[in-house]
Amino acid sequence: PAAPPPPPPAASHASGGEGTRKRGSFPRPVHRIRSASIATAAAASLDGPDAVWRCVAAVLHVGNISFADADEQSRGRGEAAARVAPASRASLEAAAALLEVGPAELETALVKVSLHTASEVVEMASSCEQAAEARDALAQALYELLFMRLVDTTNLALASVVGDAVGGAAGGGAAPPSSFVGLLDIFGMETFERNGYEQLLINFANEKLQALFVSEAVELVRAEFVSEGIRVELIDSPDNSAVLELFEGAKRRGGYPRPGLLSILNEETASPKPPDDARLVEALHRRFAEHPAYRKPAAAEPATSFTVRHFSAQVTYTAAGGGGAGGGDVA
């Protein structure tokens, strides 16, 4: 493989600086930006021995881009309210070169927002905060595309090894054992002084793992014993189906789904309306106030919070002060 390009200095996505998403922030409403085409084009060009290094370097350089308020003359012409800060111009140009786009095209994707309506596309100037969210969205999309490409490449390589093994066995030769890579990452429940979107998703994953464990380790084994005529005393296993229903929704009579907490989050954050944490939480209160696994905030708790009764403990989540759990949107 070719030697990697020199890393950019003090990349904020690597060092936890300005480009790092705030822990626990909830997703902001969808901003339709040009970053999607840039990320997709970059993924299509992930070929060659230095492709991984180029993509990683692009992510780091993108993370170094900072923004400043545009001058009065630019705002008067209706141009973007934010611009790439002169001090990070070199990072913009380096990222653009690695992504094989022009610096002006990359800057436009970051400092202007395109809102799609039924009949037209409306361009709006971005604030510095919105531009930072677009920057983080692009960096995260690039990282995700790179990760998926590595997974696909690994799977293809292993599949070809297995195929060769099957062919060798069919020809009379001894087949080597199947190639397999297995990864299991168990998060563990998270609860902090302030919990947000990140903790919500991690704890939801733990609820799914808990349900799988109970099913595999308790219910299936008990059913097998019963089928063999072995007397089994009733085991009081924890049931977190109510929490899963809260997150995933449930089917009504007639087969129409009843939306869960995640669906409502998607609906509210996909709205073209300005960010409104109170509106988001109020939508959850209206839908789940009577749900056994949900609790509205007490008097001493933040108004933009809600509590989920997880299988292991109650966790209170706060929607206020988000910066975009996904760092924005690149659709």
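Reply: **Salt bridges and their surroundings**

Arg 54 counts as buried, because its relative accessibility is 16% and the cut-off for buried is under 20%. This is a predicted model. The partner of Arg 54 in a salt bridge is Asp 50, with 3.6 Å between the closest N and O atoms. Asp 50 has a relative accessibility of 28%, so this residue counts as partly exposed. In total, the count comes to six salt bridges.

Another of them joins Lys 208 and Glu 248, at 2.9 Å from N to O. This pair links distant parts of the chain, since Lys 208 lies in helix H8 and Glu 248 in helix H9, 40 residues apart. Lys 208 is partly exposed at 38% relative accessible area, and Glu 248 is partly exposed at 39%.

The two helices also pack against each other. H8 covers residues 197-227 and H9 residues 241-248; their axes are 10 Å apart, at an angle of about 135°. H8 and H9 are therefore oblique to each other, and their crossing is left-handed. On the H8 side the contact is made by Leu 200, Phe 204, Glu 207, Lys 208 and Ala 211, and on the H9 side by Val 243, Leu 244, Phe 247 and Glu 248. By class, six residues of this contact are nonpolar, three are charged and none is polar.

The salt bridge between Glu 245 and Arg 258 spans 3.6 Å from N to O. Glu 245 is partly exposed at 32% relative accessibility, and Arg 258 is partly exposed at 31%.

Notes. Residues are numbered from 1 along each chain as its sequence is written. This is a predicted model: local features need pLDDT of at least 70, side-chain atom pairs count only at pLDDT 80 or more; totals for chains, interfaces and linings use all residues. Side-chain values use heavy atoms; hydrogens and water are left out. Axes are lines fitted to C-alpha atoms, for helices over the stretch in contact, and angles run from 0 to 180 degrees between N-to-C directions. Helices (H or I, at least four residues) and strands (E, at least two) are DSSP runs, numbered from the N terminus. Angles under 35 degrees count as roughly parallel, over 145 as roughly antiparallel, 65 to 115 as roughly perpendicular and the rest as oblique. A crossing is left-handed if the near helix is turned anticlockwise from the far one by less than a right angle, and right-handed if clockwise. Contact means heavy atoms within 4.5 Å. Ala, Val, Leu, Ile, Met, Phe, Trp, Tyr, Cys and Pro count as nonpolar, Asp, Glu, Lys and Arg as charged, and the others, Gly among them, as polar. A salt bridge is a side-chain nitrogen of Lys or Arg within 4 Å of a carboxyl oxygen of Asp or Glu. Buried means under 20% relative accessible area, exposed over 50%, partly exposed in between (1.4 Å probe, protein chains only).
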